[in-house]
Amino acid sequence: MDIINILPDSVANQIAAGEVVDRPAGAVKELLENAMDAGATQIDLVVKDAGRTLIQVIDNGCGMSESDARLCFERHATSKIHRADDLFAIHTMGFRGEALASIAAIAQVELHTRQMGSELGTEVVIEGAKIISQQPLSCPTGTSLSVKNLFFNVPARRNFLKKDSVEMSHIEEVLRRVALVHPDIAFSLTSNGKTVYDLKAGNMLQRICGIFGQSYNERLYAVEEATDLVKIKGYVCKPEHCRKTRGEQYLFVNGRFIKHPALNAAVEKAYIDLVPERTYPSYFIGLQVDPSRIDINIHPAKTEVKFVDEQALFSILRAAVKRSLGQFSLATELRFDTPEEFNIGPAPQGYTPQQPQLRYQPDYNPFRPQPSQTSLAFSFPDPPPHSPTPSASTQATDEGDLRLKASSPSCLQIQERYIATALRSGIALIDQQRAHERVIYDRLMAQLESHTPDAQTMLFPVTCSFSASDSEMLTELLPDLKAYGFDIAPRGGTTFVLSAAPSDIKTSDLQSVLDQLLSDYRGSTMQRYNNARQSISASLARQMAVKAGTRLGQEQMQQLVADLFACPMAGTSPSGKKTITIVHPSELLK
Ligand code: ADP
Ligand code: MG
């Protein structure tokens, strides 16, 4: 007796359909993706009864021809793969020509579509994979696809559906994931006649606010990083907005939402030391990775992926988030990771360092003294006051100082020019002058931002005079210089009277400091500095920094190293020169 049967197509389709569409949200995802693939700029999703009775996606994309409108429901019908090569390239994107065939096998589907330039559109009605009717129809360009009575012929699946509220929350989540990576596309969601989302096209931040509320505008820091392995772009919440439950945590790779426990952990780890235990950040982060570095043996409908360079991605992502939180500490990075991954090795030939960008968060670490309290000069903040009943804030400072000392390894000065200090991953050689320039520059910029220049009024105003062109430039810069605490008044001709200046500039040096500043300003290029203040800060930092040839004490070195590592751009001086070189253990072995 023969026992083998060939399954009828309809049954095979139903089985396959279960893989693609396990619940209404699965169908929603496929239809939204098709609409985006069709180049739509407006996509409207309409559902009834959490998708049980109706899922309709209306797009203004390219539409389909009369015959494509029928063909699209055939298994392996796709316009997106032509050759086997393509398959390799886009496999991870899930183009397999299966979605519509699967959906048509388990629902009653109505397709209205019209191509741009065609006078008439087409209507196709298909039910349980059988074409019921096809006829010309007048309709707008684009496609409207209605999926009615999902699982009407698969009672087992239908019975597996959860309460409407649960199915609806899955649908909303699918829409959010898609909408977050495509802020340039307008989306709407209507459920049982009520508008759930009406998202205008915009940028990513506007999209986040459109979905989660306007308050997110204030809650987020931007994250951006570009290395050979990965480009990162997105937003993370400020530490004070972390919550006890994992809320909005969105990671996207090459435009698709993914779940990746290690990368999710990388983001959370960046908040360690900033938030209490078991509080979690919200984030919206997109990664661009070479698709060939992603393991393709992963089901495209799933959200799990594997990366070849997982370890490196982890480090880069964590470092990028840390930096955006303004508490990027090269020291911690170097202690726990392999530093090559963070592009701080020797610069390749022809490499022009990028314009250092100041992303200084004065509040990056509650334990460190505020910039306005620390002096510009190479001195140390006063010890925290000791009162018999310490207030919360002085306690915190005490603790901070302890932490600082405990974590500062001892330093060795070499040739009165370099500071050597041990890191877990080797030895850091730090150029003391460049490092100090970076520290002063960041402090100056932070003071400018907070309008708290550290200035002193002079008992005896000083008169300075300049060349004709310098005095012209100085006059132009007066408003900017005022922000640094300079009080300079023109006294006719090329003479100026100075009655206040930043505290750390000696009165006797004022003329030469300003001469140098004006000369630096004249020589500075727009490629390096975005605005006058960056150029002025760089010049002042260079002039105030401790010079090569100055002997430094142990404490001074430790303070400088700690200050440097607390700078977001610790690796370069304000003028783009390298501040730190790492000698790796492997090199030490040699
Ligand atoms: P895939 O997306 O993997 O190609 P689908 O079954 O989802 O497979 O779709 C089959 C084909 O139908 C697509 O390749 C595309 O040519 C066409 N199609 C589906 N939806 C739309 C749409 N909204 N607009 C235009 N064409 C569409
Ligand atoms: Mg598709």
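Predicted model: local features only at pLDDT ≥ 70, side-chain atom pairs only at ≥ 80, totals over all residues.

Residues are numbered from 1 along each chain as its sequence is written, chains are lettered from A and ligands numbered from 1 in the order in which they are written, and side-chain values use heavy atoms, with hydrogens and water left out.

Let me start with the ligand. There are 19 residues around ligand 1, and those that come nearest are Asn34, Thr78, Ser79, Lys80 and Gly97, where a residue is near a molecule if one of its heavy atoms lies within 4 Å of it. By class this shell has eight nonpolar, seven polar and four charged residues; here Ala, Val, Leu, Ile, Met, Phe, Trp, Tyr, Cys and Pro count as nonpolar, Asp, Glu, Lys and Arg as charged, and the others, Gly among them, as polar.

Which parts of ligand 1 lie beside asparagine 34 and aspartate 59? An oxygen atom of ligand 1 lies 2.8 Å from a polar side-chain atom of asparagine 34, while a nitrogen atom of the ligand is 2.8 Å from an N or O atom in the side chain of aspartate 59. With leucine 100 it is a polar backbone atom that takes part, at 2.9 Å from an oxygen atom of ligand 1. The protein buries 92% of the 530 Å² that ligand 1 exposes when taken alone, with accessible areas coming from the Shrake-Rupley method with a 1.4 Å probe. The elements that give two or more residues to this shell are α2 (24–37) and α5 (99–105); helices (H or I, at least four residues) and strands (E, at least two) are DSSP runs, numbered from the N terminus.

Now to the sheets. One open sheet has eight strands in the order β5-β4-β3-β6-β2-β1-β7-β8, with mixed pairing, and two strands are said to pair if DSSP finds at least two bridges between them. Its edge strands, each pairing on one side only, are β5 (130–137) and β8 (194–199). Neighbouring strands in this sheet are turned by 10 degrees against each other on average, direction ignored. Strand β4 (residues 121–127) pairs with β5 in the antiparallel sense over seven bridges, and within that pair glycine 121 has leucine 137 as its bridge partner.

Contact means heavy atoms within 4.5 Å, and axes are lines fitted to C-alpha atoms, for helices over the stretch in contact, with angles from 0 to 180 degrees between N-to-C directions. Helix α7 (residues 164–181) also packs on the sheet, touching β1, β7 and β8, and its direction makes about 175 degrees with that of β7.

A further open sheet has five strands in the order β9-β10-β13-β11-β12, again with mixed pairing. Here β9 (220–226) and β12 (256–258) are the edge strands, each pairing on one side only. Helix α7 lies across β11 (249–253), β12 and β13, running at about 55 degrees to β11.

Next, the hairpins. β7 and β8 pair in the antiparallel sense over five bridges, and their hairpin has two residues between the strands, with asparagine 192 taking a positive phi near 50 degrees. In the hairpin of β18 and β19 there are four residues between the strands, and glycine 492 takes a positive phi near 85 degrees.

My last stop is glutamine 433, which is found in helix α14 (residues 432–450). How far apart in space are glutamine 433 and serine 573? They are 140 residues apart in sequence, and 9.0 Å apart from C-alpha to C-alpha. The side chain of glutamine 433 reaches the backbone nitrogen of alanine 548 at 3.3 Å, a polar contact being a pair of N or O atoms within 3.5 Å where, within protein, one must be able to donate a hydrogen and the other to accept it, and residues adjacent in sequence count only if both atoms are side-chain atoms.
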